[in-house]
Structure formats: C-alpha cells, structure tokens
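Open the model in a viewer and keep the selection panel at hand. The stops below are meant to be taken in order.

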Amino acid sequence: MTEKKKLILALAVLFAVNILVICLAQSALAASYQRGSTGTVVKQIQTKLKSWGYYSGSVDGVYGSATEAAVRAFQKKNGLTVDGKAGPQTLKAMGISDSTAAGSSGGDVALLARLISAEARGEPYVGQVAVGAVVLNRMKHPSFPNTMSGVIYQPGAFSCLQDGQFNRPVADSCYQAARDALNGWDPSGGAIYYFNPATATSKWIWSRPLLVVIGKHRFCA
C-alpha cells in the first residue's frame, strides 16, 4: 500500500471515529431523566404526572423513587417501555420538550407569563396553566390572531391590559405555568374563553358552552 493510500485510509478512519464520537455525544445529550436527576424538566414531569393522578408527592424537581414509580405507571398505561426513566419517547408522550422554554423563545415565555400573572395571579396553579392554554388555543382558532402577541394585544381581549394589571411584577409561578402551557398541558379542555362570574359584565359570555371550572374562572368553548 502506498503512503498516499495509507494517509487516505488513516484520514477515513479518523473521520469515522469523529462521527461516532459526535453521535455518541448527541445520544448522551438526548433528553433522559431518571432517579437522581434534578431541575426544571423534572418539575415539569412531576407536575404533569400529578395532574394525571400518577404522582402524589411534592413538585420539587428531584427525581426520586416516587417520581420513578409514577413514570413507570405512566409508561405502562401508555404502551411505552417500562423502565422508570423519562427518555425521549416518554417525554414526547407527556408533551414535554427538553427545554425550559418548551421549544419557544424566551420572549414568548415571558409574554405569556405576564398575561397569566395579570389574569390569574391569585388562582390555583392549574388555573394559571389553563389561562395560558386559552391563549395558545386562540392562536390555533380561525377567529383569532395566529401569534401570541396578536392574541394578547387584540383590542378588548384581556381586561388586564386596560386596568394596569399587565404591568405589575410577574408572579414566579406564572413562568412555569407558561412553560407548561407551551408544552401542551391544557387543563381548560380546549377553551378559547374564560371569565370570572363574580365580575363579568357581558351577558354574551354566559352563552358560551362551559367546559370546566377552575378556581374562580369558568372556561368555555
């Protein structure tokens, strides 16, 4: 074998090794959470499992034995490999993206969190997520703008833009609520409207089909 061929072969082997290393690195970086994992995504996993009745522990961002057991139960129920690990397929089934911004820009998260805080600051957490879901449902509905800013700033859509609530500091929980809504959690059942019956002045809103009541809000189709 000539020196030139040896050099080409060596370069080819080196290239193949580099590709293998990259693939292995990407595999290692693929979303996978298991006992001992911590962080925001673990909180998202716990929050969803708790809302679906699989998990009854604290949403503390620590992947312990209770979280593992809940993941196993979810996997079994949904026809997934039952290993207690929240890997890519399990996360996908939960509607979770391996990103604290849920695949959306930080600007979208911040804007949605501000709206949620202004509209549902004193509501239970699931109600805060539901308000965020309504915004996202409107974006998909032909009767509303198809962008988040378009929906939120649509004239007359949200009273908080007129009464100053929108400009108040954002409650911490509302950032996570925005991420959960962006990740696909919709406690509203697909609602495109909601209102507080104690303060509503529109007779028309009462004509909308009721889907669910969460806290002080009625969520409607």
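Select E68 first. This is a predicted model, and in it E68 has a relative accessibility of 16%. E68 counts as buried because that value is under the 20% cut-off.

R35 sits in the loop between α1 (3-29) and α2 (40-51), while E68 belongs to helix α3 (residues 65-77). The partners are 33 residues apart, and the pair links distant parts of the chain. How many salt bridges does the structure hold? The count is 1. As background, side chains of opposite charge can pair when their charged atoms come close.

Now clear the selection and colour by secondary structure. The protein has 9 helices and 3 strands. Along the sequence the order is α-α-α-α-α-α-α-α-α-β-β-β.

Next, select H217, in strand β3 (residues 217-220). Is H217 buried or exposed? Its relative accessibility is 7%, so H217 counts as buried. Show its contacts, leaving out residues up to four places away in sequence: H217 touches E119, A120, E123, V131, Y194, F195, N196 and V212.

From there, go to the largest pocket and select E119, S159, Y194, F195 and N196. Of the 30 residues in the lining, these lie nearest the pocket's centre. E119, Y194, F195 and N196 are also among the residues that H217 touches. The space in the largest pocket is about 850 Å³.

Which elements each supply at least two residues of that lining? They are α5 (106-120), α8 (160-163) and β1 (193-195). Select α5 to see the largest share, 4 residues. Colour the lining of the largest pocket by residue class, and it divides into 12 nonpolar, 11 polar and 7 charged residues.

Finally, clear the selection and show the whole protein with its surface. The accessible surface comes to about 11,900 Å², and carbon and sulfur atoms account for 56% of that area. Of the 221 residues, 37% are buried. E68 and H217 both count as buried.

Among contacts with a separation of 6 or more, 58% join residues 24 or more positions apart.

Key. Residues are numbered from 1 along each chain as its sequence is written. This is a predicted model: local features need pLDDT of at least 70, side-chain atom pairs count only at pLDDT 80 or more; totals for chains, interfaces and linings use all residues. Side-chain values use heavy atoms; hydrogens and water are left out. A salt bridge is a side-chain nitrogen of Lys or Arg within 4 Å of a carboxyl oxygen of Asp or Glu. Buried means under 20% relative accessible area, exposed over 50%, partly exposed in between (1.4 Å probe, protein chains only). On a 1 Å grid over the protein atoms alone, a cavity is a set of points where a 1.4 Å probe fits but cannot get out, and a pocket is an open set with protein on both sides within 12 Å along at least five of seven lines; lining residues have an atom within 4 Å of a point. Grid points are joined across faces, edges and corners, and a volume is the space filled by probe spheres set on the points. Ala, Val, Leu, Ile, Met, Phe, Trp, Tyr, Cys and Pro count as nonpolar, Asp, Glu, Lys and Arg as charged, and the others, Gly among them, as polar. Contact means heavy atoms within 4.5 Å. Accessible areas come from the Shrake-Rupley method with a 1.4 Å probe; for residues, only the protein chains shown count as cover.
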